[in-house]
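Thank you all for coming.

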Amino acid sequence: MAQRGAPVGLVESGKVPKPLSWLLNYSRKYSLWVYQWGLACCAIEMGAAFGSPRYDVMRLGVIPLPASARQADLVVVSGTVTDKMAPPIRRLWEQMPDPKYVISMGSCANCGGPYWDSYSVTKGIDQIIPVDVYVPGCPPRPEALLEGIVLLQQRIQHEDMADRWRGEPLVVGGGPIS
Amino acid sequence: MTITQHQQQAYIAGQAAEARLRFELETEGMTLNIGPQHPATHGTLRIVVRLDGEQVVWADPVCGYMHRGYEKLCEVRKYQQVTTLINRIDWLGHFANEVPFILAVEQLYDVEAPPRAQWIRTIFFEMARMANLGLFLGDMGVQLGAITPVFFAFRDREHVLNLMEAATGGRFHPNYDRVGGLKEDLPKGWVDECKEVMKRQREFCDEMEELLVGNEIFQTRTRGIGVIPQQIGLDYGLSGANIRASGVDWDLRRDRPTPLAWKEADWKVWTHPDGDSFARYWVRLQEVRESTKIVDQLLEGLPSGPVMAKMPARLRVPKGEAWVNTENPLGEMGYYVVSDGGPSGPFRCKIRSASFNNISIVPWLLRGVYVPDVITILASLYFILGDIDR
């Protein structure tokens, strides 16, 4: 699933000094603009995580209000992806500027979930787009999504800009990465 | 009176000027695509709107983006497994989806759940209504540009979900109903906690009334917008609050004989004569209030006893068919279950969900309205995508 985005200049040369890359990553991880691609039940839990005073995602430095996918760094695909919905998701991902991240929220987006034998459901969005963090659950609690975002931030912090596409996908609950 | 040459020339010049003006001002039609992913569509409904300037000429809802093949999946699941699936049809009214199916299977099996189970079912049914319509009450504000109400809605919804989680183990999809009763009894101290939460829900309704219903901008944006006349609404098969807002006094909780405990409580079916977006909001607001009243009264007189009838370990439903419909948060929901007497699940399970019929009025309703009102009308019709496509 390794895939390169559009060239961004500095990154391709692979000569980013360490303090600079640390600073770059540090600033990137606390200014994630997340596009909400809410599809099914998980969209409501995502709304609870992003829009409710109890969970309040903005304290993690995540801003859930971009008007378009073209302004977003991160997309949370939450809910059942059907075969009719798969092409728009691919198009959404292609519209996002690099560097971009994908969180797959819920069993349906991960692998089909309770619709594993349905004729119209795509069994996992990783067939269409590369996924950075999988959040399991049906639907996952808002806390699980928040943990997924924290794991993604850790990943961004330790990221080598030159080969950021070579990493393995994360699983929430799979232990910290450092 | 004779027409002078001068008058004739002036007339021709006037006609020509008018024709030129008409030609210059003539706008080209535009096709606007709302969705498939749009905040106002509560999921993945796509609406193709043909515009003339600011006005909608015709609108065409394209559904199927959330079709998961429920009716076919129900045929390959066992009866106990189907409840897990159908929880997710209308994901905001989770528990309310299970009840009609379980009632239909109980009717086939000829077993009745004990009274305590029926009362707890009714309580949870109404709590699902609160969780569902409570979010609508806040979300309607978002569609009009007021962000604050949705924070209140999410805040107070959490209390209801906590109660659900305490009793069922599922925060969102309880999967609490069983053929012949319930999974387990209520935990200790749940009843007192529930009364507290009902009080908070009533406060939330008062807050919404102050924030939105009395708000002048809200009233201007919703009063007289998207009017559904009574007969048209009935012709399109609307149900639930959408038809009650058009003045039809029709509620299956009251009108249909059911083993559930609504008849034990004293409550009222609210209607509104106007049929516009405001009426639909207002009726749902009153419905949440009535739900809290129903729950309060049922908690007072909750009968004791078992919550599960005597059932065999292996459910073998006899041959037959049953149709049960109830008044779900979104409207009438019904299951037509056919059993072939085999050891596996239903032979056929036809699901009648409210939203599919409710959005069938969209092409008629959106004709001639202005673009900003499209969002208001869609929000006030209140559909859940899983309920449309199944």
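Over all chains of this predicted model, a search finds 33 salt bridges. As a general point, side chains of opposite charge can pair when their charged atoms come close.

Let me begin in chain A, where the side chains of Asp132(A) and Arg155(A) meet in a salt bridge, at 3.7 Å from N to O. The two residues are 23 apart and belong to distant parts of the chain, with Asp132(A) in the loop between helix H5 and strand E5 of chain A, and Arg155(A) in helix H6, residues 142-157. Both Asp132(A) and Arg155(A) are buried.

In chain B, Arg253(B) forms a salt bridge with Glu126(B), and here the closest N and O atoms are 3.3 Å apart. Because Arg253(B) lies in helix H11 of chain B and Glu126(B) in helix H5 of chain B, this pair ties together parts that are 127 residues apart in sequence. Arg253(B) and Glu126(B) are, again, both buried.

Another pair in chain B is Glu332(B) with Arg352(B), whose side chains meet in a salt bridge at 4.0 Å, N to O. Since Glu332(B) is in strand E7 and Arg352(B) in strand E8 of chain B, the parts tied together by this pair are 20 residues apart in sequence. Glu332(B) counts as buried at 12% relative accessibility, and Arg352(B) counts as buried at 17%. There is also a network, in which salt bridges that share partners join Glu126(B), Arg129(B), Arg244(B), Asp251(B), Arg253(B), Glu287(B) and Glu327(B).

How many salt bridges are there between chain B and chain A? The count is 4, and in a salt bridge between Arg54(A) and Glu158(B) the side chains meet at 3.5 Å, N to O. Of the side of chain B that touches chain A, the largest share, 8 residues, comes from helix H6 of chain B. By class, that side has 15 nonpolar, 9 polar and 9 charged residues. Together the two chains bury about 2,700 Å² between them, with 60% of it on carbon and sulfur atoms.

Finally, I would turn to helix H3 of chain B, residues 79-86, in which Tyr79(B), Val82(B), Thr83(B), Leu85(B) and Ile86(B) are buried. These residues are on the same side of H3(B), because they cover an arc of only 160 degrees around the axis. The buried residues of H3(B) pack against helices H2 and H4 and strands E4 and E7 of chain B.

Technical notes:
Residues are numbered from 1 along each chain as its sequence is written. Chains are lettered from A and ligands numbered from 1 in the order in which they are written. This is a predicted model: local features need pLDDT of at least 70, side-chain atom pairs count only at pLDDT 80 or more; totals for chains, interfaces and linings use all residues. Side-chain values use heavy atoms; hydrogens and water are left out. Buried means under 20% relative accessible area, exposed over 50%, partly exposed in between (1.4 Å probe, protein chains only). Helices (H or I, at least four residues) and strands (E, at least two) are DSSP runs, numbered from the N terminus. The arc is that of the directions from the helix axis to the C-beta atoms. Contact means heavy atoms within 4.5 Å. Buried area is the accessible area (1.4 Å probe) that two parts lose on being put together, summed over both. Ala, Val, Leu, Ile, Met, Phe, Trp, Tyr, Cys and Pro count as nonpolar, Asp, Glu, Lys and Arg as charged, and the others, Gly among them, as polar.
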